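Hello,

Here is the structure I promised to pass on to you.

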Amino acid sequence: MPEHKISILIPCYNEEPVIRETYVRVKGVLDANGYNSREIIFIDDGSKDGTPGILEQIAAQDKGVKVISFSRNFGHQAAVSSGIKNCSGDIAVIIDADLQDPPELIPEMIKKHDEEKCNVVYGVRTSRKGEGFFKKFTAKFFYRILNSLSEVRLPLDTGDFRLIDRKVIEEFKNLREKNKYIRGLISWVGFKQAPIYYQRDLRAAGRTKYPFRRMVKFAGTGIFYFTKKPLQLAMGMGFASIILSFCLVAYVFLSDFRRTSGWASTLVIIIFFGGIQLLTVGILGSYIGSIFDEVKGRPEYIIEKKVNF
């Protein structure tokens with residue numbers, strides 16, 4: 001196999017209970033497989049616990065470990081974006097710090113990249129240990145809805161756990177939007193992409209950083225930054241409402257409306273059209289809010305400190 005320089009990108013936020021184990025497992029995998037040309041980049045997304053201090057200790061002991069520290073919490077996708085833009089490897093592997101995605105899969109991803117000459121190897125979850133029915137159902141529902149709306153085919157049941165090569169990294173750097181849905185953008189970039197299947201493990205320690213509120217916000221980013229079909233849907237509902245109103249007018253003139261209608265039917269009609277109007281305004285507002293975020297021109301994140309770069 002060709003000799004690669006490998007960059008391992010690990011975004012982390014308040015991962016004090018698990019961050020040392022993450023480093024030990026990732027380093028152990030790289031050492032065991034003879035990947036000597038490598039860098040492990042931890043991106044600290046404004047952690048409030050002891051994560052920054054632990055990362056600095058690790059970086060002081062191992063010069064192959066690099067640390068990017070944000071000035072505050074900017075979000076998981078901003079942390080991943082920073083890692084991609086600052087890595088120097090000819091291939092990079094994105095993996096979360098919670099060890100739900102096993103580092104032991106990295107050699108298999110690299111092997112698949114080399115043998116199949118693909119630019120992206122993305123992990124597909126065949127099972128998700130430790131997650132309740134509601135989380136699994138909403139995740140499956142979201143990915144399928146987004147795929148049906150998107151103009152680009154997005155792999156189902158995937159996260160950010162993936163390998164990307166230098167060609168994809170350089171194209172990613174050219175993407176200017178601030179609020180990124182990275183797994184969708186990497187699919188949008190194109191090139192040859194291949195799946196690798198695995199069972200997602202339990203969190204090694206700590207709590208999820210994606211409660212329901214953040215999941216909804218992340219889903220909104222994926223939809224409103226990646227497809228215009230909700231706008232088309234709103235327009236379609238508007239046309240359908242107009243047609244329905246003409247049908248109701250015809251019904252009034254062709255029947256004895258006084259005997260077949262009353263306050264209840266009037267209330268239902270008002271609620272129906274009011275709901276469509278509110279939904280349409282909400283969809284438009286979400287797109288306008290996304291435009292507002294972009295035109296302000298603020299940076300995606302602010303780096304407070306870099307270590308070993």
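Predicted model: local features only at pLDDT ≥ 70, side-chain atom pairs only at ≥ 80, totals over all residues.

Residues are numbered from 1 along each chain as its sequence is written, and side-chain values use heavy atoms, with hydrogens and water left out.

Back to S47, which sits in the loop between β2 (38–44) and α2 (51–61). Helices (H or I, at least four residues) and strands (E, at least two) are DSSP runs, numbered from the N terminus. The S47 side chain also reaches the backbone nitrogen of N14, at 2.8 Å. Not counting residues up to four places away in sequence, S47 touches C12, Y13, N14 and P52, where contact means heavy atoms within 4.5 Å. S47 counts as buried because its relative accessibility is 12%; buried means under 20% relative accessible area, exposed over 50%, and partly exposed in between (1.4 Å probe, protein chains only).

C12 is buried too, at 4% relative accessibility, and C87 is buried at 5%. Searching the whole structure for disulfides (cysteine sulfur atoms within 2.5 Å) turned up zero.

Next, the helices. Ten of the eleven residues of α3 are buried, so this helix is largely enclosed by the rest of the structure. The axes of α3 (residues 76–86) and α6 (residues 166–173) come within 9 Å and cross at roughly 115°; axes are lines fitted to C-alpha atoms, for helices over the stretch in contact, and angles run from 0 to 180 degrees between N-to-C directions. On the α3 side, S81, I84 and K85 meet I169, F172 and K173 of α6.

Finally, K192 lies in the loop between α7 (182–189) and β7 (193–200) and is partly exposed, at 42% relative accessibility. K192 and E116 are 76 residues apart in sequence, with 9.1 Å between their C-alpha atoms. Leaving aside neighbours within four places in sequence, K192 is in contact with E116, K117, C118, N119 and V120.

Enjoy exploring!

Best wishes

Definitions and conventions
Polar contact = N/O pair within 3.5 Å; in protein donor to acceptor, adjacent residues only side chain to side chain.
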